[in-house]
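Here is a brief report on one protein chain. Please look over the sequence and the model before reading on.

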Amino acid sequence: MNPSFRVCQESAAGIPMFGIRCGDGTHARGISTDYQEVYRLTQTCNRCRLSSVHLMDVVEDFRRS
């Protein structure tokens, strides 16, 4: 069974930052300040049934693009 991903929000120095949390507790923090951008990435992870093992690789590639 593949875990589902969802957007989570945190604040760093008063600036809202969005990350991705996985159902198994895996968490990628502070990906972007743009909610829609992180939401689209989260939806893609869910649609492709990404394994949480690969989440950090996907986030790293996302940040470089």
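## Fold and dimensions

This is a predicted model. The chain holds 2 helices and 3 strands. Their order along the sequence is β-β-β-α-α. The radius of gyration is 11 Å, close to the 11 Å that the globule rule gives for 65 residues, so the chain is as compact as a globular protein of that length.

The C-alpha trace spans about 35 × 25 × 15 Å along its principal axes. Consider contacts with a separation of 6 or more: residues 24 or more positions apart account for 36% of them.

Strand β1 covers residues 5–12, and strand β2 covers residues 15–22. The two run antiparallel and are joined by 8 bridges.

Between β1 and β2 lie 2 residues, and the two strands form a hairpin. Ala13 sits in the turn. Its phi is positive, at about 55°. As a general point, side chains in a regular strand alternate between the two faces of the sheet.

## Burial and surface

How much of the chain is buried? Buried residues make up 31% of the 65 residues. The accessible surface of the chain comes to about 4300 Å². Carbon and sulfur atoms contribute 48% of that surface.

## Charges

The chain carries 8 positive and 7 negative side chains. The centres of these two sets lie 5 Å apart.

Key. Residues numbered from 1 in each chain as written. Predicted model: local features only at pLDDT ≥ 70, side-chain atom pairs only at ≥ 80, totals over all residues. Heavy atoms only, no water. Helix = DSSP H or I, 4+ residues; strand = E, 2+ residues; numbered from the N terminus. Rg over C-alpha atoms; globule rule 2.2 N^0.38 Å. Buried < 20%, exposed > 50% of the residue type's maximum accessible area, 1.4 Å probe, protein only. Contact = heavy atoms within 4.5 Å. Areas by Shrake-Rupley, 256 points an atom, 1.4 Å probe, with all protein chains shown as cover. Lys, Arg positive; Asp, Glu negative; His and termini not counted. Charge placed at Lys NZ, Arg CZ, Asp CG, Glu CD. Pairing = 2+ DSSP bridges.
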